[in-house]
Amino acid sequence: VQLAKEIEADGVHLGKEDMNPADARQLLGNDFIIGGTANTFEDIVKLVNAGVNYIGLGPYKFTATKEKLSALLGIEGYLKIMKACRVSNITVPVIAIGGIQQNDVDLLLETGLHGVAVASAINLSNNIQLAAQELMGNVMKEREELLLNE
């Protein structure tokens, strides 16, 4: 948080064991983007109450990009948590994280998530630019279809 402030970053993402988002908000101010990591609906409620701008919810499935993984959510976990968010009128954007590949995007976005965050699906690809373009195209296509069905 201190480094993000010093370099005048636009935002910071706080893991579950990092600084409390409410404390970070006091240090960084209201114009700073603060995200937090969640693994349960209860985590989401705490983060919303702490004033985060977005939530990274996961992990979806196993990923080697993080050493200490929380419980894997799978699609059933996302369906359950996103339903609880709708019932509770939680509107803070929730982004799927953890082990997401190109073929997971459609199913994940259908749960009501606002988006997906990926790392290895792009950086382990033989053609990073093409992988990123395909993923973005897939996300945009799915978002358009979901909007048409509302």
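The model is predicted, so local features need pLDDT of at least 70 and side-chain atom pairs count only at pLDDT 80 or more, whereas totals for chains, interfaces and linings use all residues. Residues are numbered from 1 along each chain as its sequence is written, and side-chain values use heavy atoms, with hydrogens and water left out.

Reader: Why do the buried residues of H3 line one face of the helix?
Author: Helices (H or I, at least four residues) and strands (E, at least two) are DSSP runs, numbered from the N terminus. Buried means under 20% relative accessible area and exposed over 50%, with partly exposed in between (1.4 Å probe, protein chains only); in H3, residues 41-49, the buried ones are Phe41, Asp43, Ile44 and Leu47. Because these buried residues, seen down the axis of H3 by the directions from that axis to the C-beta atoms, fall within an arc of 155°, they line one face of the helix.

Reader: Which residues are exposed on the other side of H3?
Author: The buried residues of H3 pack, with contact meaning heavy atoms within 4.5 Å, against helix H2 (21-28), strand E2 (33-38), strand E3 (54-57) and helix H4 (74-87). On the other side, the exposed residues are Glu42, Lys46 and Asn49.

Reader: Which are the edge strands of the sheet?
Author: Two strands pair if DSSP finds at least two bridges between them, and the open sheet of five strands has parallel pairing in the order E1-E2-E3-E4-E5. Each edge strand pairs on one side only, and these strands are E1 (11-14) and E5 (115-116).
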